[in-house]
Amino acid sequence: MKTYQLEKISSMSVYDRPREKIINRGAESLSDIELMAILIGSGTKKHPVEKLASKVLQLVDDNQGVFEAEDFLSIEGIGPAKATLLAASMELSRRIYSPRNKKIKSPSDVGMCQHR
């Protein structure tokens, strides 16, 4: 089981915070938990964004399937707005990377489709 941890964002140097990091260094420089924290946006005093991001990623790892908003509502601290945002982002990612959306232009493209 993979563990996701992120130090408290407010204690990070401004340059190392996820939003600043994605602007200055690009999305590929962020960890999964940093990307999820950006999607979630903010937490509460009782449920900091770092903990919410960790719980969402754990849920995704455990289920590895199609997600509905109600799946994310099972996480304390995730309300309807964030649950729908997360479900929409998961579905969009699934559609974009679905093999049916891949156009085969050369023989090497066939090999790439088989490895996903």
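I started with handedness: H1 passes H2 in a left-handed crossing. I note that this is a predicted model.

**H1 and H2**

I looked up the span of helix H1 and found residues 18–25. The axes of H1 and H2 lie 9 Å apart, and the packing angle is about 110°. I count angles of 65 to 115 degrees as roughly perpendicular, so H1 and H2 are roughly perpendicular to each other.

Next I listed who touches whom. On the H1 side I have Pro-18, Arg-19, Lys-21 and Ile-22. They meet Glu-34, Leu-35 and Ile-38 in H2. I sorted this contact by class: four residues are nonpolar, three are charged and no polar residue takes part.

**H2 and H3**

I then moved along to H2, residues 32–40, and H3, residues 49–63. Their axes come within 8 Å and cross at roughly 110°. That makes H2 roughly perpendicular to H3. I checked the handedness here too: H2 passes H3 in a right-handed crossing.

From H2, I wrote down Asp-32, Ile-33, Met-36, Ala-37 and Ile-40 as the contact residues. From H3, I wrote down Val-49, Glu-50, Leu-52, Ala-53, Ser-54, Val-56 and Leu-57. How do the residues of this contact divide by class? I get nine nonpolar, one polar and two charged.

**Recap of H2**

I put the two H2 entries side by side. H2 meets H1 through Glu-34, Leu-35 and Ile-38. H2 meets H3 through Asp-32, Ile-33, Met-36, Ala-37 and Ile-40. I logged the crossing with H1 as left-handed and the crossing with H3 as right-handed.

Methods:
Residues are numbered from 1 along each chain as its sequence is written. This is a predicted model: local features need pLDDT of at least 70, side-chain atom pairs count only at pLDDT 80 or more; totals for chains, interfaces and linings use all residues. Side-chain values use heavy atoms; hydrogens and water are left out. Axes are lines fitted to C-alpha atoms, for helices over the stretch in contact, and angles run from 0 to 180 degrees between N-to-C directions. Helices (H or I, at least four residues) and strands (E, at least two) are DSSP runs, numbered from the N terminus. Angles under 35 degrees count as roughly parallel, over 145 as roughly antiparallel, 65 to 115 as roughly perpendicular and the rest as oblique. A crossing is left-handed if the near helix is turned anticlockwise from the far one by less than a right angle, and right-handed if clockwise. Contact means heavy atoms within 4.5 Å. Ala, Val, Leu, Ile, Met, Phe, Trp, Tyr, Cys and Pro count as nonpolar, Asp, Glu, Lys and Arg as charged, and the others, Gly among them, as polar.
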